[in-house]
Amino acid sequence: MSKLEDTIAAVRPLDEAAMAEARARQDRMTKPRGSLGVLEDVSVRLAGLAGACPPEVPEPAAVAVFASDHGVHAQGVTPWPQEVTAQMVLNFLAGGAVVNVFAAQAGARVTVVDVGVAAELEAVPGLLSHKIAPGTADMTQGPAMTRDQARQALEIGINVAEGLALSGVRCLAAGDMGIANTTASAALIAVFTGRDPGEVTGRGTGIDDATLARKVDVIGRALALHRPDPSDPLGVLAAVGGFEHGAIAGFILGAAAARLPVVLDGVITGAAALVAAAFAPDALGACFAGHRSVEPGHGATLRHLGLRPLIDLDLRLGEGTGAVLALPIVQSAARALRDVATFDSAGVTDKDDVATLDA
Ligand SMILES: O=C(O)c1ccc[n+]([C@@H]2O[C@H](COP(=O)([O-])O)[C@@H](O)[C@H]2O)c1
Ligand SMILES: Cc1cc2nc[nH]c2cc1C
């Protein structure tokens, strides 16, 4: 079997016994039952992923930013020139982007991966160079990539997740950089959620009404040309995806196979999670939605996947910024499950142990 098939086969459901133990422990912690809300669910899923209660606190963390360019840029779907992708890669490596600053605050490492940036970046120190091609092809003219390239992208992402796990990282976060990639994201989302392009296409970096109408039309034409079959995720990725979508989908599969949590970012990582879930639905057990992006396709994606965003701050940047902001929430959920005293250990009276007047 290939790396992709091996990894898919290694993705297993969450451990029900550990989750039951975590739910029971949450109910014995010195707080009213349910008062940690969504954090209780996060802690239960972390226990299920680790197969232990309490699980280790997931740290240290690392965010991997997958960068690539898009042939569909030629259709005028974004106001930004393609060279900004490469320029931002250099900015990530110099430590000057928003994701670097948020990662410093969260104590997370930043790894930058070139999976298909159009510009030459071979000799750049610190960059993981895995360029499949200098950008995808224009999805309105033919498939964005070959099936073989789609598989390469997935396997690069799996390898990056495995490498970070081997280096001792215990919590992964996913990020992206790619001018025009909200077009490919909306196309993937339309295919996997079955929604119309008009419902799931947004303004990306910021486009006017005329450009938005063209973007929706471009996606509609690409879908009419390829008629992608959602039960063939490799085919969908090849038809309308980006190299970074494939790599991020692989990164999610690699995290799930290694039973490490992976915190997702905005609409691009959400679209990639749809691809990953189409290969291995149980991979969603490892996924935590860091935030909800302003992009309409992202809300639709999270609802489709059944993932609840941990923060909702009108972000629409990408780079992994929303994922990194959510890292302390995921880590705090695990730490609370491990370190908060129980009613018994702290000698605090539980309301259920109080004798009632008529008892
Ligand atoms: O994460 C998001 O939800 C998000 C929403 C809008 C834009 N972006 C970022 O903006 C770039 C793509 O925007 P666009 O308009 O060129 O398709 C790409 O680098 C993304 O990381 C990201
Ligand atoms: C400047 C800039 C920074 C970004 N970071 C992620 N996507 C981006 C798009 C642009 C245009």
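Strand β1 (residues 61-68) pairs with β2 in the parallel sense over 8 bridges; two strands pair if DSSP finds at least two bridges between them. This is a predicted model, in which local features need pLDDT of at least 70 and side-chain atom pairs count only at pLDDT 80 or more, while totals for chains, interfaces and linings use all residues. Residues are numbered from 1 along each chain as its sequence is written, and chains are lettered from A and ligands numbered from 1 in the order in which they are written. Helices (H or I, at least four residues) and strands (E, at least two) are DSSP runs, numbered from the N terminus.

**The sheet**

- The open sheet is formed by 6 strands in the order β3-β2-β1-β4-β5-β6, and the pairing is parallel.
- Its edges are β3 and β6 (287-289), each with a single partner strand, so one side of each is left without a neighbour in the sheet.
- Strand β2 (residues 108-116) has 8 of its 9 residues buried, so β2 is largely enclosed by the rest of the structure.
- A residue is buried if 20 or more other C-beta atoms lie within 10 Å of its own, exposed if 12 or fewer, and partly exposed in between, with C-beta atoms placed from the backbone.
- β2 also pairs in the parallel sense with strand β3 (residues 128-129), over 2 bridges; here Asp114 stands opposite Ser129 in β3.
- Strand β5 (residues 262-264) and β6 pair in the parallel sense over 3 bridges, and Leu264 stands opposite Ala289 in β6.

**The two domains**

- The protein chain is divided into domain 1 (3-56 + 337-358) and domain 2 (61-327); these bounds come from an automatic or database domain assignment.
- The C-alpha centres of domain 1 and domain 2 lie 32 Å apart.
- Their contact takes 17 residues from domain 1 and 19 residues from domain 2, where two residues are in contact if their C-beta atoms, placed from the backbone, lie within 7 Å.
- On the side of domain 1 that touches domain 2, α1 (3-10) and α3 (38-50) each supply at least two residues, and α3 gives the most, with 7 residues.
- By class, that side of domain 1 has 11 nonpolar, 2 polar and 4 charged residues.
- In this classification Ala, Val, Leu, Ile, Met, Phe, Trp, Tyr, Cys and Pro count as nonpolar, Asp, Glu, Lys and Arg as charged, and the others, Gly among them, as polar.

**Surroundings of the ligands**

- Of the 23 residues around ligand 1, Thr78, Gly204, Gly266, Ser293 and Gly318 come nearest; a residue is near a molecule or strand if its C-beta atom, placed from the backbone, lies within 6 Å of it.
- β4 (171-177), α7 (181-193) and α12 (267-279) each supply at least two residues of the shell around ligand 1, with α7 giving the most, 3 residues.
- The shell around ligand 1 has 7 nonpolar, 11 polar and 5 charged residues.
- Ligand 2 is surrounded by Trp80, Val84, Met88, Met177, Thr205, Leu317, Gly318 and Glu319.
- By class, the shell around ligand 2 has 5 nonpolar, 2 polar and 1 charged residues.

**Glu319**

- The UniProt annotation "active site", from an unreviewed entry, covers Glu319; UniProt positions are given in the numbering used here, feature names are shortened, and annotations may be inferred rather than shown by experiment.
- Glu319 is placed in the loop between α13 (296-305) and α14 (321-339).
- Glu319 is buried, because 27 other C-beta atoms lie within 10 Å.
- Not counting residues up to four places away in sequence, Glu319 touches Val65, Ala97, Val98, Val99, Gly175 and Met177.
- The phi of Glu319 is near 70 degrees, a positive value in a residue other than glycine.

**Other backbone features**

- A cis peptide bond joins Cys53 and Pro54, with omega about -5 degrees, and Pro54 lies in the loop between α3 and β1.
- Glu59 and Pro60 are likewise joined by a cis peptide bond, with omega about 5 degrees; Pro60 has its place in the loop between α3 and β1.
- Arg227, which is not a glycine, has a positive phi of about 40 degrees.
- Arg227 lies in the loop between α9 (209-226) and α10 (233-240) and is exposed, with 9 other C-beta atoms within 10 Å.
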